[in-house]
Amino acid sequence: MNRHAGGTKRVEEVSFAGEVADDMKPAQFDYIAPTTIDEVAAALAAAEGEGKIIAGGQSLMPMINFRLVKPTILIDINRVAGLDRIELHGDRVRIGATVRHHMTAADAIIRQHLPIVHEAMHHVAHMTVRNRGTFCGSVAHADPATEMPMMTRFLGGTVIAYSQRGRREIPAAEFFVGSLVNSLEPDEFVIRVELDAMRPDAGWGFEEFAKRHGDFALACFATTLHCVDGMASDVRVGMMGVGETPLRLEEIEGIIEGTDVSEPVLDMVADRLAGILMPNTDIHASADYRRHLSGVLAKRALRAAWSRAKTKGFKHNE
Amino acid sequence: MSEKTITVSVNGAYMTRTIEARTLLSDFLRQDLCLTGTHIGCEHGVCGACTVILDGRSARSCLTLAVQADGSEIETIEGQGSVDKLGRIQEAFREHHGLQCGFCTPGFIMAITDLLRHHPLETDEEIREALSGNICRCTGYENIVNAVRELAKERGPLE
Ligand SMILES: Cc1cc2nc3c(=O)[nH]c(=O)nc-3n(C[C@H](O)[C@H](O)[C@H](O)COP(=O)(O)OP(=O)(O)OC[C@H]3O[C@@H](n4cnc5c(N)ncnc54)[C@H](O)[C@@H]3O)c2cc1C
Ligand code: FES
Ligand code: FES
């Protein structure tokens, strides 16, 4: 049916062989905009698994418009006070559930303590989407080709969930279960995400390849490391776009740890990546292309990280 | 059916309406308020045709529920100027041939309103990146970039 048909004020639901025609308009739902986390938790519990949290709406609304999801009630967390903050607590950075992408991109704490996140934010979507989308919403959405789940996974992230049963801390490794699947219980929602702050002497590299700026990544490689006595130490490696979840690659970290990050080491990293990654083939790129791309991005990111780390590194007996 | 009564300010005028919770802000503007200058292209956040300003920042009106805008200030293309007296961004588009069919134009003009308020726009690269969330099938973008470059120069550095 044509939704522009003259005079029709609202889209009606038309039956096609017993199915409701998707007319790019949302199905019916109720809506509530609580102002405290306890009211959110109560509404989620009352919805008995049929409710959906809406934060920025930049991933949820497209699915609702196409009727890929049909919640009975939308619980809007945008009016909950106190969730819009980025704070440094000891060596952890806390990002609240209504912190939007444009806030993360401009934040002074992120710039100083998580420069790799600052860099990554510039690859996220476009200005207008960044004005609304939230860090925690992106993490909850768990798209394996997006920046914030990847940062959460490889920077020792923890997701802080809340429900009427109380607070639960979920390590990122347990939070990301599959593509678009997280380990929240139906009555839980995310109040914040916590990441390890980077040490002042950390070097970092972030390399992403997307077909157009702001598109979802075909592959992305991120790393932080330190230079101690001329050798790489405390190496972390994350990847996205090449698996069902964002990845932390401990095996690759092991290859780099204790080396001088020379070209032969980078070749070993690229070889090993080609062996362990199992990316998908889709309309955007083949699995082989993604595997090749991963090696190229890994080398670039590691070179950048190592050159940053060397300028800040220290020697024990000098 | 879940109905809500909302009050919004649109281009400075307060409007109160009762709507279904599922009403998109784009449909609310076009159907309930008869402000059809806001265009709808894709309805999933990709094309940017539906861009409006919501509480000072650009937003996809197809990804926002009207009920979420309760108590908010909205700016739409209708607030930019009229046929007799074009707004400054509209004028720059006319001078630089920044449109052909005009379908994408309201979205571009609202996005550029946000850009001129909040973004330095010092280099062409930055201008192109900043416009990347809006799709135009006609112009090839060059003339839109030219218009924005001139507007940014006219505005000068931010703050
Ligand atoms: C054109 C376009 C391009 C994009 N490009 C990119 C890109 O390049 N990189 C990128 O990372 N993202 C991209 N995005 C997605 C964008 O970053 C989204 O903002 C983000 O994925 C979801 O955040 P949100 O706040 O909008 O969440 P919503 O859309 O509100 O919610 C998404 C999902 O998470 C759930 N949810 C949200 N918040 C919570 C919470 N606090 N607790 C529990 N569940 C919650 C919702 O119920 C829903 O299932 C793009 C989006 C668009 C429209
Ligand atoms: S109609 Fe909203 S982005 Fe295309
Ligand atoms: S002028 Fe026709 S789509 Fe932009």
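The legends below describe close-up views of a predicted model.

Residues are numbered from 1 along each chain as its sequence is written, while chains are lettered from A and ligands numbered from 1 in the order of writing. Because the model is predicted, local features need pLDDT of at least 70 and side-chain atom pairs count only at pLDDT 80 or more, whereas totals for chains, interfaces and linings use all residues; side-chain values use heavy atoms, with hydrogens and water left out.

**Figure 1. Domains of chain A.** Chain A is assigned domain 1 (9-76), domain 2 (86-196) and domain 3 (203-316). These bounds come from an automatic or database domain assignment. Taken over C-alpha atoms, the centres of domain 1 and domain 3 of chain A are separated by 39 Å.

**Figure 2. Strand 7 of chain A and its two partners.** Helices (H or I, at least four residues) and strands (E, at least two) are DSSP runs, numbered from the N terminus. Two strands pair if DSSP finds at least two bridges between them. Strand 7 (residues 92-96) of chain A is largely enclosed by the rest of the structure, because four of its five residues are buried. Here buried means under 20% relative accessible area, exposed means over 50%, and partly exposed lies in between (1.4 Å probe, protein chains only). On one pairing, strand 6 (residues 86-89) of chain A joins strand 7 of chain A in the antiparallel sense over four bridges. The hairpin of these two strands of chain A has two residues between the strands, and G90(A) there takes a positive phi near 60°. Strand 7 of chain A is also joined by five bridges to strand 12 (residues 189-196) of chain A, again running antiparallel. R94(A) in strand 7 of chain A stands opposite E87(A), and the bridge partner of R94(A) in strand 12 of chain A is E194(A).

**Figure 3. The surroundings of ligand 1.** A residue is near a molecule or strand if one of its heavy atoms lies within 4 Å of it. There are 32 residues around ligand 1, of which I53(A), G57(A), S59(A), L60(A) and T134(A) come nearest. The site is shared between chains, because residues from chains A and B surround ligand 1. The shell comprises 15 nonpolar, 14 polar and three charged residues. In this grouping Ala, Val, Leu, Ile, Met, Phe, Trp, Tyr, Cys and Pro count as nonpolar, Asp, Glu, Lys and Arg as charged, and the others, Gly among them, as polar. Strand 4 (51-54), helix 7 (135-141), helix 8 (147-154) and strand 12 of chain A each supply at least two residues of the shell. Helix 7 of chain A gives the largest share, four residues.

**Figure 4. Backbone atoms beside ligand 1.** A polar contact is a pair of N or O atoms within 3.5 Å; within protein, one must be able to donate a hydrogen and the other to accept it, and residues adjacent in sequence count only if both atoms are side-chain atoms. A polar backbone atom of I53(A) is 2.6 Å from an oxygen atom of ligand 1. A backbone N or O atom of A55(A) lies 2.8 Å from an oxygen atom of the ligand, and a polar backbone atom of Q58(A) is 2.8 Å from an oxygen atom of ligand 1. Of the 970 Å² of accessible area that ligand 1 has on its own, the protein covers 95%. Accessible areas come from the Shrake-Rupley method with a 1.4 Å probe; for residues, only the protein chains shown count as cover.

**Figure 5. Strands 13 and 14 of chain A.** Strand 13 (residues 203-209) of chain A is mostly covered, with five of its seven residues buried. Seven bridges join strand 13 of chain A to strand 14 (residues 219-228) of chain A, and the two run antiparallel. E207(A) stands opposite F221(A) in strand 14 of chain A.

**Figure 6. Two loop residues of chain B.** E43(B) lies in the loop between helix 1 (25-32) and strand 3 (51-54) of chain B. E43(B) counts as buried because its relative accessibility is 1%, and the side chains of E43(B) and K25(A) are joined by a polar contact of 2.7 Å. Although E43(B) is not a glycine, it has a positive phi of about 55°. L121(B), in the loop between helix 3 (105-118) and helix 4 (124-131) of chain B, is buried with a relative accessible area of 5%. Phi of L121(B) is near 50°, a positive value in a residue other than glycine.
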